[in-house]
Amino acid sequence: MPVTFALLFLLSQATADPCYDPGGHPRFCLPPVTQLAGVTASCPQACALSPGMDLGLQASCNGSLALALGAPFLLTSISLRFCTPGSPALVLSAAWAAGGPWRLLWRRHAWPGALGGPERVTFRAPPGPTASVVASHLLIELGSRAGLAVAGVRGRCQCHGHAAHCAARLRPPRCRCRHHTTGPGCESCRPSHRDWPWRPATPRHPHPCLPCSCNQHARRCRFNAELFRLSGGLSGGVCERCRHHTAGRHCHYCQPGFWRDPSQPITSRKACRACQCHPIGATGGVCNQTSGQCSCKLGVTGLRCNRCGPGYQQSRSPRMPCQRIPEATTTLATTPGAYSSDPQCQNYCNISDTRVHMSLWRYCQQDYVLHAQVLAIEVAGPAWWRLAVRVLAVYKQWARPVPRGRQDTWVPRADLACGCLRLRPGADYLLLGSAAGGPDPARLVLDRHGLALPWRPRWARPLRRLQQEELAGGCRSLQPPTLGPGPEQSLPPPPGQEPSPHSSFPGDPLARLRQPPAEDRVEHACGL
């Protein structure tokens with residue numbers, strides 16, 4: 001049994017990693033010392049030394065000897081043996097590259113042979129793991145004619161304290177790097193372990209390379225010195241090439257177009273899911289990073305913006321896929337005759353069958369003439385509805401200008417209830433009416449005295465001609481109409497009263513324009 005325990009102890013010592021302690025913590029380690037270079041020659045031929053194949057040896061009996069080691073090594077000793085006692089004066093120098101610059105290592109004066117000087121001279125590096133002489137080239141300068149029989153160089157690979165084994169015969173030598181370092185001499189950190197800057201190991205601190213926190217979504221990172229300084233020396237790694245649709249310094253959030261799935265850990269490949277926003281109902285393909293909620297258009301709801309919300313119905317417009325459902329939807333799509341059963345709506349709206357032309361006089365009687373598109377309608381109070389329109393063209397306006405674009409028009413609730421106005425969201429209309437009487441004097445009013453006619457493209461040219469005549473002073477030249485018996489002597493009464501006769505012509509929506517008295521009627525040559 002004691003023999004078995006001894007064998008197990010020796011086996012554990014043999015297989016243990018010198019760069020880690022028994023607890024698995026990194027520690028300073030060095031590769032073993034090996035013979036790096038050696039030259040031998042017989043003493044009778046000491047003045048004609050043969051150069052070594054891999055050492056780049058150059059020798060002369062009264063000159064110098066240069067040794068090329070092939071790579072930087074940690075030198076421990078250099079031994080020289082001469083054929084005769086009494087070694088000559090010599091100077092030992094080292095350099096990182098061929099040709100210098102040379103750094104003096106050792107200088108020795110000549111030893112007289114008559115005094116029985118030594119045949120062997122050895123230079124040793126200072127003791128201690130941190131004291132080292134690193135060189136790739138050696139220069140031995142001899143001060144007199146002498147016979148050099150043996151020259152030997154011993155040392156270890158330069159692994160910066162991060163390796164315990166090295167293939168010294170390779171060119172360049174390669175260390176078996178530990179502490180997550182890499183390179184022939186363990187001179188850098190692995191691509192995935194650059195959260196700290198690389199440093200050579202010391203007996204007091206091994207300075208291992210630490211992994212970057214990339215949540216298993218990146219295989220490489222880079223070190224940022226500024227981030228390391230701002231963190232107080234805790235972390236400086238920045239992940240690169242985040243995978244699985246992640247992004248950020250630590251690959252800790254999702255790319256645009258993806259959202260974080262709370263049912264998956266951040267290290268999962270499925271931590272980020274595609275937003276899948278509806279191409280028509282959503283304003284774009286980006287959703288909320290936490291909930292996955294897409295940004296929906298007006299009236300659209302759902303996580304993916306794929307259905308209309310309460311109070312909205314689907315339309316055929318890709319720009320506004322859901323439109324508000326007005327309470328008077330049936331009213332807007334029905335003729336006024338459908339409300340004849342209501343006593344208050346009997347003869348309330350101005351409808352007749354007499355034919356008239358769009359004259360300059362009638363054009364001048366209007367406060368505004370607009371080409372507009374109906375967008376939506378909603379309740380604005382007990383007596384009014386607010387109609388959202390987009391003004392496309394302005395043919396006439398009152399003292400306050402009417403800008404093009406989105407506007408609010410006020411419609412009396414009774415006019416919609418009796419079906420005086422037939423409007424359909426998304427359609428274009430020619431609007432004629434008054435500029436006052438609503439809850440806000442600065443806004444447009446569209447009531448039963450005005451008109452909302454389905455727009456016809458052929459109307460644009462005559463209306464522009466009337467607009468030009470108004471600018472030329474045509475409205476000022478017309479006298480006010482003389483009041484007399486006729487359909488235009490008074491405004492239509494409110495619901496419950498008898499209406500006044502109103503002339504229109506069949507087949508053309510502009511026939512709903514009120515006709516002036518016969519004596520003041522002006523027929524326009526370009527009627528609509």
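The structure is a predicted model, in which local features need pLDDT of at least 70 and side-chain atom pairs count only at pLDDT 80 or more, while totals for chains, interfaces and linings use all residues. Residues are numbered from 1 along each chain as its sequence is written, and side-chain values use heavy atoms, with hydrogens and water left out.

**The chain as a whole**

Let's start with the overall picture. The chain has 7 helices and 29 strands. Here helices (H or I, at least four residues) and strands (E, at least two) are DSSP runs, numbered from the N terminus. Of the 528 residues in the chain, 42% are buried. Buried means under 20% relative accessible area, exposed means over 50%, and partly exposed is in between (1.4 Å probe, protein chains only). The chain exposes about 28500 Å², and carbon and sulfur atoms supply 54% of that area; accessible areas come from the Shrake-Rupley method with a 1.4 Å probe, and for residues only the protein chains shown count as cover. Among contacts (heavy atoms within 4.5 Å) with a separation of 6 or more, 61% are between residues 24 or more positions apart.

**Two nonpolar cores**

A nonpolar core is a set of buried Ala, Val, Leu, Ile, Met, Phe, Trp, Tyr and Cys residues joined through side-chain atoms within 4.5 Å. The largest one holds 32 residues, and Phe73, Leu75, Ile78, Leu105, Leu138, Val153 and Cys175 touch the most other members. Which strands each supply at least two residues of this core? They are β1 (34–40), β2 (64–82), β3 (90–95), β5 (120–124), β6 (133–142), β7 (148–157) and β9. Strand β2 gives the most, with 9 residues. Have a look at leucine 105 too: leaving aside neighbours within four places in sequence, leucine 105 is in contact with Leu92, Ser93, Ala94, Phe123, Val133 and Leu138.

**Disulfides**

A disulfide is a pair of cysteine sulfur atoms within 2.5 Å, and by this rule the count comes to 14 disulfides. Here are some of them.

| Cysteine pair | S to S distance | Angle about the S-S bond |
|---|---|---|
| Cysteine 189 and cysteine 209 | 2.0 Å | -70 degrees |
| Cysteine 242 and cysteine 251 | 1.9 Å | -80 degrees |
| Cysteine 308 and cysteine 322 | 2.0 Å | -85 degrees |

The link of cysteine 189 and cysteine 209 is left-handed. Cysteine 189 lies in strand β11 (residues 188–189) and cysteine 209 in the loop between β11 and β12 (220–223), so the pair ties together parts that are 20 residues apart in sequence. Both cysteine 189 and cysteine 209 are buried.

The link of cysteine 308 and cysteine 322 is left-handed. This pair links distant parts of the chain, with cysteine 308 in strand β21 (residues 307–308) and cysteine 322 in strand β23 (residues 322–324), 14 residues apart. Is cysteine 308 buried or partly exposed? Cysteine 308 counts as partly exposed because its relative accessibility is 24%, whereas cysteine 322 is buried at 4%.

**Two histidines with positive phi**

Most residues other than glycine have a negative phi. Phi of histidine 179, however, is near 60 degrees. Histidine 179 lies in the loop between β9 (174–177) and β10 (181–182) and is buried, with a relative accessible area of 1%. Histidine 207 has a phi near 50 degrees, also a positive value. Histidine 207 sits in the loop between β11 and β12, and its relative accessible area of 16% makes it buried.
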